Amino acid sequence: MSIIKVLLADTFSISLFLVCTAVLFFILLLKSSTKSSGYKFPPGPKPWPLIGNLNILNMNFPQKTMCELAEQYGSVFTFHMGREKHVVLTGYEAVKEALVTQADDFGERGLNAMNWHNFKGKGIIFGVGESWKTMRRFTLSTLRDFGMGRSTIEDRIIDEAQLLLEVFAQHQGKPFNVTTPMNSAVSNIICVLVFGNRFQYDDPQFLRLQQMVSENIRLSASPMSQIYNAFPVPIFRIGDIRKIAKNRIESSSYFRKVYKQRKEEHDSNDVRSFIDRFIVKQNEV
């Protein structure tokens, strides 16, 4: 008689088997979560098994928790998000030391589970490794050539500011929400560099892109996202995680469409944007 038949024949045996299996699972999980990484980490709050320091994290305002811990452990401390260790930098001096003084050592970036699920370590913002460094150098060089960080971009900013003032004037001094027009003005400066053209403030596609970016930033800090980052298992890919992925797919589809159109119309003698320069670089490879 097989072991399965024996277990099925006795309810008590089934219960005992399930309990033993669960205990074994949690023991293995606990061992993996407490396994030493071989690195010496800064001081920080003592973690609980499995959940790390999530028991003290303010899910709605995590920055408050970090500021409180900085007062206790200093400007550099360790915080456990579930089974993962994170080194937290707080304050101007600590951030400057890491990102400016020791920029080469801290140039690499880690990805949380949610960003890895969505971007797989690719892109300018969420990229990792040598490909990200190469893309970053190309991006900074190209954007500077088109005026970023230089006085040559001032005229574009002034023109956009004038259009923004015209939008304000349409309300004739009455109170209104400035969030959308302000975001549109700033986004248009970026769009001029990336696409070579600006959008009208009431352009549906432009408004939709801004909405998706704002929504993804907000959802990335939601409690559900924090839980998924701490415990990256498929069962938690619901709600906010799915919405973020849906927005990413929609925005990526639009950018691919624009890129394809620009590539078909590309003129190597008329390079006016980041996309044009990127196409030129691709053709050189």
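Begin with the second largest pocket, whose volume is about 1000 Å³. A pocket here is an open set of points on a 1 Å grid over the protein atoms alone, where a 1.4 Å probe fits and protein lies on both sides within 12 Å along at least five of seven lines, and lining residues have an atom within 4 Å of a point. A volume is the space filled by probe spheres set on the points, which are joined across faces, edges and corners.

This is a predicted model, in which local features need pLDDT of at least 70 and side-chain atom pairs count only at pLDDT 80 or more, while totals for chains, interfaces and linings use all residues. Residues are numbered from 1 along each chain as its sequence is written, and side-chain values use heavy atoms, leaving out hydrogens and water.

Select H86, V87, V88, G110 and N112, which lie nearest the centre of this second largest pocket among its 24 lining residues.

Of its 45 lining residues, F119, G123, I124, I125 and F255 are the closest to its centre. The largest share of that lining, 9 residues, comes from α11, a helix (a DSSP run of H or I, at least four residues) spanning 240–264.

Finally, select α8 (residues 179–194) and α9 (residues 204–220), which pack at an angle of about 100 degrees with their axes 11 Å apart.

Technical notes:
Axes are lines fitted to C-alpha atoms, for helices over the stretch in contact, and angles run from 0 to 180 degrees between N-to-C directions. Helices (H or I, at least four residues) and strands (E, at least two) are DSSP runs, numbered from the N terminus.
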